Amino acid sequence: MKKLFKMQVKLFVAIVAILLLVQVPITYAANLSELKGQKSEIEKQKNELNSEIKAKSSEISTIESKLKELVAQIEALSAKITSTNAEITTVNAEIEDANNKIIALEEEIAILQEKIEQRDLLLQDRARAIQENGTVDYLDVLLGANSFVDFIDRFSAVNTLIEADRQIMREQQDDQNQLEEQKLVLENTRKELEDKKAELQRLKESLDSQKAEKDRYINELEAEQEKLKNEKQLLEEEYSEALILDKELDQKIKAETQRMLEELRKQNAGNLPNTSDGTFMKPTNGRLTSPWGWRNLGFGAEFHYGIDLANSTGTPIVASAGGIVTYAAPLSTYGNCIIITHSVNGQIFTTVYAHLSTIQVSKGQSVSKGEQIGLMGSTGRSTGPHLHFEIHTGPWNGQKAGNVNPLRYISL
Ligand SMILES: [Zn+2]
């Protein structure tokens, strides 16, 4: 693709050079160069867009990984919150249990309290009865004795009764004390549970606020992410548009290039530039060492289709008249050879320059009369540095049908 592009550029440069030299209207070239300018502008835009898109992508993936990290943190926090909630529920149940137990104890205590109070009242009544010599039970019991033994019996019975009452009251008091102790223990437990619950509540609040903060951060990041994605999408749309423009330009450039090639072909076909004075000039400085016509160099008679002009290697060779280079490469016994096609007063001529050391023009190039095209040498079938120069009427052909004596057109 790149290579093709380079070739196109080379071709384009060559075409522009030719068009400028043969002085055709340069609108095509101007057109093409404008298109090329637009194309390089689009390429630049595309590259810029591309790097912007890449930058956005990397920002997006950075945020993406931040979001992943945050989501993981939030999940961990949520799990902690769930387990803290469960603990709080457990502690609440324990507190409720303690409360229920405390209420039950309080009920038991109240019942005992009442019993003790009743017994106490009973005992007080009995004691008062005894002390006040009242007529109540005990005294009646004692006084009702019909003998001393009976009295003793009755006395100890009364004592036993009172003692029994007291014993019951003491036991009830012990029970009440025990219950009070249990209640105290339970109240302590409840207090501890309440503390634990408060601590858990604080932990939960801290976790909730951490989670809320992370949620806010996630929202911010997601908004940023959304913004970046939108920006990236816009850039990608711009890039697509640039791509379409680029393709359109490629097609326009291709069409314009073909138009120029067509123009050139027409130029070559019949509209070659005229030389200024209609004549050919001597193509190099050198003395005539071999004229045109039959000669014998020791290998038998042969026809010499041109003239030989000898000088030192590197002597400049110029175009004998203005025209288009139709060949510029080694050619069999000619060595390095240039062939130029001319249109002189509407007639086609061809000139040949052989044995060059260096070729300085290329095929398709337009040259003007006297323009340097190469350097003298001794390549091909040659025994020393010289220019072999031919003139043909009509286009170049292998039969050399239009070959003429160059001295008919140039003077030495
Ligand atoms: Zn020759």
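**Note on the zinc site, aromatic pairs and salt bridges**

1. Asp-308 and His-388 are both buried. The model is a predicted one, and these two residues belong to its zinc site: the ion has His-304 (NE2), Asp-308 (OD) and His-388 (ND1) as protein donors, at 2.0 to 2.1 Å.

2. Along the sequence the zinc donors follow the spacing H-x3-D-x79-H. Asp-308 sits in strand β4 (residues 307-310) and His-388 in strand β12 (residues 386-393), so this pair ties together parts 80 residues apart in sequence.

3. Seven aromatic pairs turn up in a search of the whole structure. One of them joins Trp-294 and Phe-303, which count as edge-to-face because their ring centres are 5.3 Å apart and their planes stand at 85 degrees. Trp-294 is exposed, at 65% relative accessibility, while Phe-303 is partly exposed at 23%.

4. Another edge-to-face pair is Phe-349 with Tyr-409, at 5.3 Å centre to centre and 75 degrees between the planes. Phe-349 is in strand β8 (residues 347-356) and Tyr-409 in the segment after β13 (403-404), so the contact ties together parts 60 residues apart in sequence. Phe-349 is buried, with 5% relative accessibility; Tyr-409, at 25%, is partly exposed.

5. Trp-294 and Phe-303 also belong to a cluster, linked by ring pairs, that takes in Trp-292 and Tyr-305.

6. The structure has 16 salt bridges. Among them is the one between Lys-101 and Asp-97, with an N to O distance of 3.4 Å. These two residues are four apart in helix α2 (residues 27-131), which separates them by about one helical turn. Both ends are partly exposed: Lys-101 has 42% relative accessibility and Asp-97 has 38%.

7. Helix α4 (residues 148-270) holds Asp-208 and Lys-204, four residues or about one turn apart. Their salt bridge has its closest N and O atoms 3.1 Å from each other. Asp-208 is partly exposed at 31% relative accessible area, and Lys-204 is partly exposed at 21%.

8. Lys-232 and Glu-236 form a salt bridge with the closest N and O atoms 3.8 Å apart. This pair too is spaced four residues along helix α4, about one helical turn. Lys-232 is partly exposed at 21% relative accessibility, as is Glu-236 at 35%.

9. Salt bridges also form a network, which links Lys-39, Glu-43, Lys-46, Asp-246 and Asp-250.

Methods:
Residues are numbered from 1 along each chain as its sequence is written. This is a predicted model: local features need pLDDT of at least 70, side-chain atom pairs count only at pLDDT 80 or more; totals for chains, interfaces and linings use all residues. Side-chain values use heavy atoms; hydrogens and water are left out. Donors are N, O and S atoms within 2.8 Å of the metal (3.2 Å for Na, K and Ca); water is not among the atoms, so sites may look incomplete. Buried means under 20% relative accessible area, exposed over 50%, partly exposed in between (1.4 Å probe, protein chains only). Rings of Phe, Tyr and Trp (its six-membered ring) pair if their centres lie within 6.5 Å; planes under 30 degrees apart count as stacked, over 60 as edge-to-face and the rest as tilted. A salt bridge is a side-chain nitrogen of Lys or Arg within 4 Å of a carboxyl oxygen of Asp or Glu.
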